Every structure is written in structure tokens, then in C-alpha cells.
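I opened this entry to look up a few residues and a helix. My notes follow the display.

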Amino acid sequence: MNTAEVSIEMKTWGRARRLKETVIAAFWETAPNLRARLAECAERDWRRALYWMDVSGLALYFLDRIENLGLEDCLPITLLDRLRHNSQENSERTASLFREAVALSLRLKHKNVEFALLKGISLCPESVLDSALRCQMDLVILVR
């Protein structure tokens with residue numbers, strides 16, 4: 001690897017790190033400060049950061065915060081569309097999981113089976129105000 005490749009790689013890493021720091025800062029920064037930080041982020045950096053945002057569980061919370069601050073115009077439209085699409089899918093999946101949890105709970109109670117719902121749906125509202133912001137794929141049930 002020559003020095004030019006190392007330099008480019010370090011610049012890319014620096015931009016990626018700044019973008020991640022901006023995403024995290026979105027949860028406490030004021031709208032004007034966040035607008036300035038978001039202006040420094042290029043679309044290609046967002047594309048690279050999407051996987052991290054998804055696996056960290058921050059993507060839907062980040063979208064919610066950006067929308068609450070009225071900063072949607074600071075994001076590339078492709079990113080905004082993807083986040084909104086993911087949010088809609090997650091809302092539908094969460095509603096379906098909730099219906100399934102209710103049906104399963106009723107069946108288990110009817111059979112006098114002791115159980116507890118864990119994680120996900122059970123976190124709302126104490127830990128997660130809106131369960132549709134938490135990316136969840138399944139139900140976790142502890143059965144005695």
C-alpha cells in the first residue's frame with residue numbers, strides 16, 4: 001500500500017468517524033448546531049454508515065430525532081427515503097409482533113402456563129417510549 005492509498009483511507013476513516021459522532025450527537029445537540037454538523041456529511045459517507053446505523057439500533061431513533069427537530073432537509077433524500085421506509089416496515093412488524101404476543105399470552109394464560117415476555121415489547125414505555133422506534137424481529141418468552 002503506498003502513501004497515497006493510506007492518506008485516502010485515513011481521510012475516509014476520519015469522515016466516517018465524524019459522521020458517526022454526528023449521529024450520536026443528534027440526541028443532545030440543538031437544531032442549529034446539528035444542522036451545521038450535518039452539512040459536513042457527504043452522501044457517500046451516509047451510504048457507508050447505514051450498516052452501522054442499522055446494527056447499532058440507532059437508525060430509527062435518529063430519524064425520529066431529525067424529524068422532531070425539522071432537519072429532514074439536511075439529509076440526502078435517498079437516505080431519508082430509506083430510513084422512512086425502514087421505519088414504516090418496522091412499525092408494521094412491531095404491530096404484528098404485538099398482536100402475536102397478545103394472542104400467545106391469552107393462549108398461555110388459558111392453559112395456566114406461567115410465562116414472561118422479555119425484551120422488545122416488554123420494554124415499552126419504561127425504557128422505550130415508542131416501541132416502533134426499536135428494531136425488533138421476534139418475541140422472547142420465558143416459560144416456566
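For these notes I took contact to mean heavy atoms within 4.5 Å. The model I am reading is predicted.

Entry one, Asn-86. I looked up where Asn-86 sits and found it in helix α5. Which residues does Asn-86 contact, leaving aside its neighbours within four places in sequence? I noted Asp-54 and Leu-60. I then checked the C-alpha to C-alpha distance between Asn-86 and Asp-54, which is 9.6 Å. In sequence, Asn-86 and Asp-54 are 32 residues apart.

Entry two, Arg-82. Arg-82 also has its place in helix α5, which covers residues 77-110. Is Arg-82 buried, exposed or partly exposed? Its relative accessibility is 32%, and buried would need under 20%, exposed over 50%, so I wrote down partly exposed. With neighbours within four places in sequence left aside, Arg-82 is in contact with Leu-50 and Asp-54. Arg-82 and Leu-50 lie 32 residues apart in sequence, and their C-alpha atoms are 9.5 Å apart.

I looked up residues 59-69, which form helix α4, and listed Ala-59, Leu-60, Phe-62, Leu-63 and Ile-66 as buried. Viewed down the axis of α4, the buried residues fall within an arc of 160°, so they line one face of the helix. Last, I checked what follows α4 and found Gly-70, with a positive phi near 70°.

Conventions. Residues are numbered from 1 along each chain as its sequence is written. This is a predicted model: local features need pLDDT of at least 70, side-chain atom pairs count only at pLDDT 80 or more; totals for chains, interfaces and linings use all residues. Side-chain values use heavy atoms; hydrogens and water are left out. Helices (H or I, at least four residues) and strands (E, at least two) are DSSP runs, numbered from the N terminus. Buried means under 20% relative accessible area, exposed over 50%, partly exposed in between (1.4 Å probe, protein chains only). The arc is that of the directions from the helix axis to the C-beta atoms.
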